[in-house]
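This report describes selected features of one model. Please keep the sequence and the coordinates open while reading.

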Amino acid sequence: MEVIIIISIDHRSAKPICYQVRDEFKKLILTKAVRNGEKLPSVRELASSLAINPNTIQRAYRELENEGMISSAPGRGVFAVWNEGHAQRQIETHFSELTEIIRELATLDMTGEKILARLSEIIEREVKMHD
């Protein structure tokens, strides 16, 4: 069964469209909005619906396949792949990125107390948005 995919692309963003597409699919798969084994739109279908170059979609799909988030079956299509390891790897990646950001803030003379206070504000705001 093919699922209807709704993703948004910000053409004003500095982030390349390929990565926006990849990240949108990651989010859909990790949150189980797209379930394991569900068929994704073909490269041509998605490129047409988003009005972007098919090569951009192909690159996003290739990256997702390399990460084990999708699998392609020649002649059958592209399918979502989800497992607990994906979520854990994503969590570890984000904490690694957060560690780098904290290091940079420390070099800008931000104290641990100031960083923690700002993080608390962000956490409070973001958690409320998702509750």
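This is a predicted model: local features need pLDDT of at least 70, side-chain atom pairs count only at pLDDT 80 or more; totals for chains, interfaces and linings use all residues.

Three strands form an open sheet in the order 1-3-2, and their pairing is antiparallel. Strand 1 (39-40) and strand 2 are the edge strands, and each has a single partner strand, so one side of each has no neighbour in the sheet. Strand 1 is joined to strand 3 in the antiparallel sense over 2 bridges. Strand 2 and strand 3 (residues 77-80) are also antiparallel, here over 4 bridges.

The bridge partners on strand 3 can be given residue by residue. Ile 70 has Ala 80 as its partner, Ser 71 has Phe 79, and Ser 72 has Val 78.

## Hairpin

Strand 2 and strand 3 form a hairpin with 3 residues between the strands. Within this hairpin Gly 75 has a positive phi, near 85°. Arg 76 belongs to the loop that lies between strand 2 and strand 3. With a relative accessible area of 55%, Arg 76 is exposed, the cut-off for that class being over 50%.

Where does Arg 76 stand relative to Lys 39? The two residues are 37 residues apart along the chain, and their C-alpha atoms are separated by 9.0 Å.

## Second largest pocket

The second largest pocket has a volume of about 160 Å³. Its lining consists of Ser 42, Val 43, Arg 44, Gln 58, Tyr 61, Arg 62, Glu 65, Asn 66, Ile 70, Ser 72 and Val 78. By residue class, the lining divides into 4 nonpolar, 4 polar and 3 charged residues.

Which elements supply at least two residues each to this lining? They are helix 2 (43-50), helix 3 (54-66) and strand 2 (70-73). Helix 3 gives the largest share, with 5 residues.

## Ring contacts

The structure holds 1 aromatic pair. The ring centres of Phe 25 and Tyr 61 are 5.7 Å apart and the ring planes meet at 75°, so the pair is edge-to-face; planes over 60 degrees apart fall in that class. Phe 25 is in helix 1 (residues 17-30) and Tyr 61 is in helix 3, so the pair ties together parts that are 36 residues apart in sequence. Both Phe 25 and Tyr 61 are buried.

Lys 32 lies over the face of Trp 82, at a distance of 4.2 Å from the ring centre.

## Positive phi outside glycine

Two residues other than glycine can be listed here for a positive phi. For Ala 51 the value is near 55°. Ala 51 sits in the loop that joins helix 2 and helix 3. The relative accessible area of Ala 51 is 67%, which makes this residue exposed.

For Asp 109 phi is near 65°, again a positive value in a residue other than glycine. Asp 109 is in the loop between helix 4 (84-107) and helix 5 (112-130). Is Asp 109 buried or exposed? Its relative accessibility is 67%, so Asp 109 counts as exposed.

Ala 106 is part of helix 4. At 41% relative accessibility Ala 106 counts as partly exposed, a class that lies between under 20% for buried and over 50% for exposed. How far apart in space are Ala 106 and Val 127? From C-alpha to C-alpha the distance is 25 Å, while along the sequence these residues are 21 residues apart.

Key: Residues are numbered from 1 along each chain as its sequence is written. Side-chain values use heavy atoms; hydrogens and water are left out. On a 1 Å grid over the protein atoms alone, a cavity is a set of points where a 1.4 Å probe fits but cannot get out, and a pocket is an open set with protein on both sides within 12 Å along at least five of seven lines; lining residues have an atom within 4 Å of a point. Grid points are joined across faces, edges and corners, and a volume is the space filled by probe spheres set on the points. Ala, Val, Leu, Ile, Met, Phe, Trp, Tyr, Cys and Pro count as nonpolar, Asp, Glu, Lys and Arg as charged, and the others, Gly among them, as polar. Rings of Phe, Tyr and Trp (its six-membered ring) pair if their centres lie within 6.5 Å; planes under 30 degrees apart count as stacked, over 60 as edge-to-face and the rest as tilted. Buried means under 20% relative accessible area, exposed over 50%, partly exposed in between (1.4 Å probe, protein chains only). A charge sits over a ring if NZ of Lys or CZ of Arg is within 6 Å of the ring centre and within 35 degrees of the ring normal. Two strands pair if DSSP finds at least two bridges between them.
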